[in-house]
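Happy to walk through this one with you. Have a look at the sequence and the structure, and then we can take a few questions in turn.

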Amino acid sequence: MKGLMAGKRGLIMGVANDHSIAWGIAKAVAAQGAEIAFTYQGEAFGRRVKPLADSIGSKLLLPCDVEDTDSTAAVFESLKSEWGSLDFLVHAIGFSDRTQLKGRYVDVTTRDNFVRTMVISAYSFTEVAQLAAPLLNTGGSLLTLTYGGSVRVMPNYNVMGVAKAALEASMRYLAADFGPDGVRVNAISAGPVRTLAGAGIGDARQMFSYQQRNSPLRRTVDIDEIGQSALYLLSDMGSGVTGEVHYVDSGYSIMSMPTMEDLRR
Ligand code: NAD
């Protein structure tokens with residue numbers, strides 16, 4: 001098959017269902033000829049991911065819970081024996097106790113959930129980068145997903161914002177480490193999307209419609225648009241880009257205040 005991703009093999013982590021951002025990315029890179037392996041978290045998600053993987057001809061579907069280091073290591077053992085090398089990796093994994101994604105950060109944040117959120121949503125990217133390192137081909141590309149709550153306060157995003165700040169900083173350190181080997185590391189900061197993870201944030205509906213009204217494009221983005229931007233970063237089209245947080249958010253992040261239309265509503 002010809003296309004921007006022809007001859008490239010990659011792992012996509014974080015598809016839960018056909019609304020997942022990772023699925024938007026998978027469709028975009030598969031349409032350009034990429035061969036994809038997927039991970040899934042637990043059997044229930046596995047049953048949802050299997051038909052999606054089948055629909056784009058993916059043959060490698062591997063269980064992985066990043067809280068279980070053995071399961072993460074086993075993924076890369078399988079990739080080593082099945083493929084021997086890797087061209088790209090997408091990390092679209094995030095989790096926090098939803099009861100702490102509502103209310104004042106100072107009131108709701110516990111030590112245990114702070115650590116758990118950090119491990120799953122931030123450290124896991126470093127861990128998979130470490131495991132992928134021996135397999136990555138020159139020209140390889142790693143990509144993670146973040147949100148603007150890392151740099152500015154978004155109501156209810158709370159500890160996830162702290163984890164995304166750590167994730168973005170990790171991405172920059174990894175970009176510096178992998179650069180000499182010709183491997184790039186980037187993040188997409190996506191605007192709000194209605195997904196399982198997105199629904200876990202308090203007042204998600206109000207946040208969604210606020211960003212629709214107040215983004216320069218007056219709408220939110222969909223998973224196919226995020227997929228197209230990911231395609232640029234994962235393919236050789238993005239060969240000069242590393243260490244970057246690329247905003248795919250209808251321009252919301254440039255605004256310093258609500259639009260006048262919104263203020264006059
Ligand atoms: P989603 O619920 O479809 O995907 C989240 C994924 O994380 C799921 O596949 C889930 O299985 C996986 N996951 C959670 N804990 C895990 C663990 N312990 N081990 C392995 N996998 C685990 O939601 P999504 O919105 O597509 O989220 C994908 C990424 O995009 C996340 O990092 C999220 O923070 C980020 N993001 C989402 C939005 C949004 O508005 N939805 C915006 C910006 C960034």
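Q: Which residues come nearest to the ligand?
A: This is a predicted model, where local features need pLDDT of at least 70, side-chain atom pairs count only at pLDDT 80 or more, and totals for chains, interfaces and linings use all residues. Residues are numbered from 1 along each chain as its sequence is written. A residue is near a molecule if its C-beta atom, placed from the backbone, lies within 6 Å of it. Of the 27 residues around the ligand, the nearest are S20, G94, L196, A197 and G198.

Q: Which element supplies the largest share of the shell around the ligand?
A: Helices (H or I, at least four residues) and strands (E, at least two) are DSSP runs, numbered from the N terminus. At least two shell residues come from each of α1 (21-31), β5 and α7 (196-199). The largest share, three residues, belongs to α7.

Q: How many residues of the shell around the ligand are nonpolar?
A: Ala, Val, Leu, Ile, Met, Phe, Trp, Tyr, Cys and Pro count as nonpolar, Asp, Glu, Lys and Arg as charged, and the others, Gly among them, as polar. In the shell around the ligand, seven residues are polar and two charged, while the nonpolar ones number 18.

Q: Is Y147 buried or exposed?
A: The unreviewed UniProt entry places the feature "active site" at Y147 and Y157; such positions are given in the numbering used here, feature names are shortened, and annotations may be inferred rather than shown by experiment. Y147 lies in the loop between β5 (136-146) and α6 (158-178). A residue is buried if 20 or more other C-beta atoms lie within 10 Å of its own, exposed if 12 or fewer, and partly exposed in between, with C-beta atoms placed from the backbone. Because Y147 has 26 C-beta neighbours inside 10 Å, it counts as buried.

Q: Which residues does Y157 contact, leaving aside its neighbours within four places in sequence?
A: Y157 is found in the loop between β5 and α6. Two residues are in contact if their C-beta atoms, placed from the backbone, lie within 7 Å. Leaving aside neighbours within four places in sequence, the partners of Y157 are L101, G149 and I201.

Q: Is R104 buried or exposed?
A: R104 sits in the loop between β4 (86-91) and α4 (105-108). Since R104 has 10 C-beta neighbours inside 10 Å, it counts as exposed.
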